[in-house]
Amino acid sequence: MIFYNKLNNMKNILVVFGTRPEVIKLAPVVLELRKHPELYNVIICNTEQQKELSNQTLDYFGLKADISLDCMRENQTLAGVQARLLTSLDKVFDEHEIDATIVQGDTMTVLCGALASYYRKVPVFHVEAGLRSYDIYEPFPEEIMRQMATRVADLNFAPTEKNKQALLKENIASSKIFVTGNTVIDALFCLSDDILKKSADFFKEKNIFINDKLVLITAHRRENHGERIDRIIDAIEYLSQKHPEHTFVIPVHPNPNVHDKIHSRLAKYPQIKLLTPLDYPYLVYLMKNAKLILTDSGGIQEEAPSFGCPTLVMRYETERQEGIEAGVSVLVGADYDKIINCSEKILSKSKAETRLKAQNPYGNGKSSQTIERIIRNYFDIK
């Protein structure tokens with residue numbers, strides 16, 4: 001690929017991501033920008049913070065990384081990851097003349113992508129800006145990372161009005177803030193009927209038959225390690241025994257702090273299906289068909305309302321308050337009693353009785369188009 005051509009007005013846009021959620025939320029932006037090849041040359045840089053998961057998800061969207069950094073090492077510290085990412089990304093700016101850098105969210109990759117770009121005085125465009133819990137340890141370390149990225153961003157693409165107001169309170173200039181909706185909803189609209197059929201076949205092959213009594217559970221966040229994951233597992237174990245007619249599907253995160261405990265405690269129950277991390281379409285298929293979702297994921301909080309699925313958020317703070325306020329999500333933390341009590345309200349009724357009618361507060365599926373128009377205006381491209 002020719003990364004830069006000074007003979008025309010094409011803008012060289014570096015898109016940096018490293019985790020599966022980042023791929024899901026930036027893929028629609030990449031695809032939208034690439035609809036205008038006369039205007040943008042999009043360079044995809046994968047830090048491979050989640051190597052297997054990120055590349056797997058890229059394939060689903062028909063994308064490939066132009067630059068892969070392979071930055072992760074076993075048992076490395078947060079400081080070690082940051083140092084390696086910054087050094088590797090700095091070399092990218094050495095080798096390619098970049099007009100703007102797009103980052104998304106709140107991972108170590110977004111912080112380092114934003115900082116490396118800022119150090120080169122290259123504009124930073126932050127997708128999903130303005131999410132705040134205002135607790136620097138909930139989620140840890142993401143809350144600080146997204147706040148730091150905001151300080152150096154030239155364009156902040158806020159998913160909701162609440163996110164915009166958070167940025168204004170931090171004295172970010174209104175000219176740098178744009179409410180766009182969340183691109184994760186755009187990604188949902190990429191699913192074809194053929195993909196959904198393949199997803200159904202995938203679960204049949206694993207002897208998981210999707211019906212109206214499906215419970216989807218994901219738990220992986222760093223702050224939920226230790227005693228918290230024990231309480232979450234206790235609650236899942238209780239619910240699975242009290243409601244054995246339900247199928248509890250858990251895509252288990254590979255982190256040993258989560259993986260080993262879940263398998264040692266829950267693998268013996270036939271109604272609990274423990275899977276390896278799922279490809280994006282398979283996870284969406286489960287969300288679409290679930291009666292109840294228990295999660296500590298940020299992305300699932302945004303996606304589940306599109307399917308009318310009640311969602312219990314196993315975190316003590318969430319930067320996605322819109323779902324709580326709209327009544328599509330309930331904050332339960334790693335509180336055993338709250339998880340049990342709130343789950344019982346759903347599991348004791350039929351799926352039809354518990355479907356949510358509220359619109360998804362996070363977007364309408366056209367966020368990437370809005371973002372492209374803002375970028376075009378930023379560069380004053382006619």
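Reply: Happy to! Let's begin with a side-chain pair: Arg146 and Glu319 are joined by a polar contact of 3.4 Å. Keep in mind that this is a predicted model.

Me: Where is Arg146 found?
Reply: Arg146 belongs to helix α5, which covers residues 142-152.

Me: Is Arg146 buried or exposed?
Reply: Arg146 is buried, because its relative accessibility is 2% and the cut-off for buried is under 20%.

Me: Which residues does Arg146 touch, leaving out those up to four places away in sequence?
Reply: There are Gly105, Asp106, His126, Leu131, Arg132, Ser133, Pro139 and Glu319.

Me: OK, at what angle do α1 and α16 cross?
Reply: Roughly 55°, and the axes of α1 (residues 20-33) and α16 (residues 367-378) come within 9 Å. That angle is why α1 counts as oblique to α16. The crossing is right-handed.

Me: Which residues meet there?
Reply: From α1 you have Pro28, Val29, Glu32 and Leu33, and from α16 Ser368, Gln369, Ile371, Glu372 and Ile375. By type, the contact of α1 with α16 has five nonpolar, two polar and two charged residues.

Me: Tell me about Glu372. Is it buried or exposed?
Reply: Glu372, which lies in α16, is buried, because its relative accessible area is 4% and buried means under 20%. Its side chain makes a polar contact of 2.7 Å with the side chain of Tyr40. Setting aside neighbours within four places in sequence, Glu372 is in contact with Glu32, Leu33, His36 and Tyr40.

Me: Nice. What about α9 and α10, at what angle do they pack?
Reply: About 30°, with the axes of α9 (residues 227-242) and α10 (residues 256-266) 11 Å apart. So α9 is roughly parallel to α10, since angles under 35 degrees fall into that class. Their crossing is right-handed.

Me: And which residues meet in that pair?
Reply: Ile229, Asp230, Ile233, Asp234, Ile236 and Glu237 of α9 meet Asn257, Lys261, Ile262, Arg265 and Leu266 of α10. This contact divides into five nonpolar, one polar and five charged residues.

Me: Last topic: backbone angles. What is phi of Asp70?
Reply: Phi of Asp70 is near 45°, a positive value in a residue other than glycine. Asp70 is in the loop between β3 (67-68) and α3 (78-95). With 36% relative accessibility, Asp70 counts as partly exposed.

Me: How does Asn75 count for accessibility: buried or exposed?
Reply: Asn75 counts as exposed, because its relative accessibility is 73% and exposed means over 50%.

Definitions and conventions: Residues are numbered from 1 along each chain as its sequence is written. This is a predicted model: local features need pLDDT of at least 70, side-chain atom pairs count only at pLDDT 80 or more; totals for chains, interfaces and linings use all residues. Side-chain values use heavy atoms; hydrogens and water are left out. Axes are lines fitted to C-alpha atoms, for helices over the stretch in contact, and angles run from 0 to 180 degrees between N-to-C directions. Helices (H or I, at least four residues) and strands (E, at least two) are DSSP runs, numbered from the N terminus. Angles under 35 degrees count as roughly parallel, over 145 as roughly antiparallel, 65 to 115 as roughly perpendicular and the rest as oblique. A crossing is left-handed if the near helix is turned anticlockwise from the far one by less than a right angle, and right-handed if clockwise. Contact means heavy atoms within 4.5 Å. Ala, Val, Leu, Ile, Met, Phe, Trp, Tyr, Cys and Pro count as nonpolar, Asp, Glu, Lys and Arg as charged, and the others, Gly among them, as polar. Buried means under 20% relative accessible area, exposed over 50%, partly exposed in between (1.4 Å probe, protein chains only). A polar contact is a pair of N or O atoms within 3.5 Å; within protein, one must be able to donate a hydrogen and the other to accept it, and residues adjacent in sequence count only if both atoms are side-chain atoms.
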